[in-house]
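Here is my note on the aromatic contacts. Please keep the model open while you read.

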Amino acid sequence: MTKIKLVRVYAQDQPEGYRILVDRLWPRGKSKSVLYLDCWAKEIGPTTALRKWFNHDDNKFSEFRQKYLVELAENPAGAEFVKTVENKLQEQDVLFLYGAKNPLHNQAVILKEYVEGQIVNLHK
């Protein structure tokens, strides 16, 4: 069964799958040829204001999650992004690539939760 996997762009182990960079900013020190991206969905990342407010502060993660979920629900690119992920999952795993150091408190974690919820809702 295929699934959405979260992969840090700096990790040595890079699994196979459809590769989507989900950060609004390009990861430092990485060239486009090294990442082998299928898609860069920068429009789906948190807004610059929200990203700067969060500033990778674990204490703000709960509030960041709530605010980012609101942004995702209001994002005009959201529905198309969910459709793309759902279509790709029929063929292979989908990898959400992110640059954050913390694997538990970053926007890719929230995005994965959001997309999986949207896909489930589409099939109800």
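1. Why are F64 and Y68 separated by about one helical turn? The two are four residues apart in helix α3 (residues 61–74), so about one turn lies between them. Helices here are DSSP runs of H or I with at least four residues, strands are E runs of at least two, and both are numbered from the N terminus.

2. Before going on, note the basis: this is a predicted model, where local features need pLDDT of at least 70, side-chain atom pairs need 80 or more, and totals for chains, interfaces and linings use all residues. Residues are numbered from 1 along each chain as its sequence is written, and side-chain values use heavy atoms, without hydrogens and water.

3. The whole structure holds six aromatic pairs. Rings of Phe, Tyr and Trp (its six-membered ring) pair if their centres lie within 6.5 Å; planes under 30 degrees apart are stacked, over 60 edge-to-face, the rest tilted. W26 and W40 are edge-to-face, at 5.0 Å centre to centre and 75° between the planes. This pair links distant parts of the chain: W26 is in the loop between β2 (18–21) and α1 (32–35), and W40, 14 residues apart, is in strand β3 (residues 39–40).

4. F64 and Y68 are stacked, at 5.9 Å and 15°. F64 is buried at 2% relative accessible area, and Y68 is buried at 1%. Buried means under 20%, exposed over 50%, partly exposed in between (1.4 Å probe, protein chains only). W26 is partly exposed at 25%, as is W40 at 27%.

5. The charged end of K32 sits over the ring of W26, 5.5 Å from its centre. The charged end of K60 sits over the ring of W53, at 4.9 Å. The test is NZ of Lys or CZ of Arg within 6 Å of the ring centre and within 35 degrees of the ring normal.
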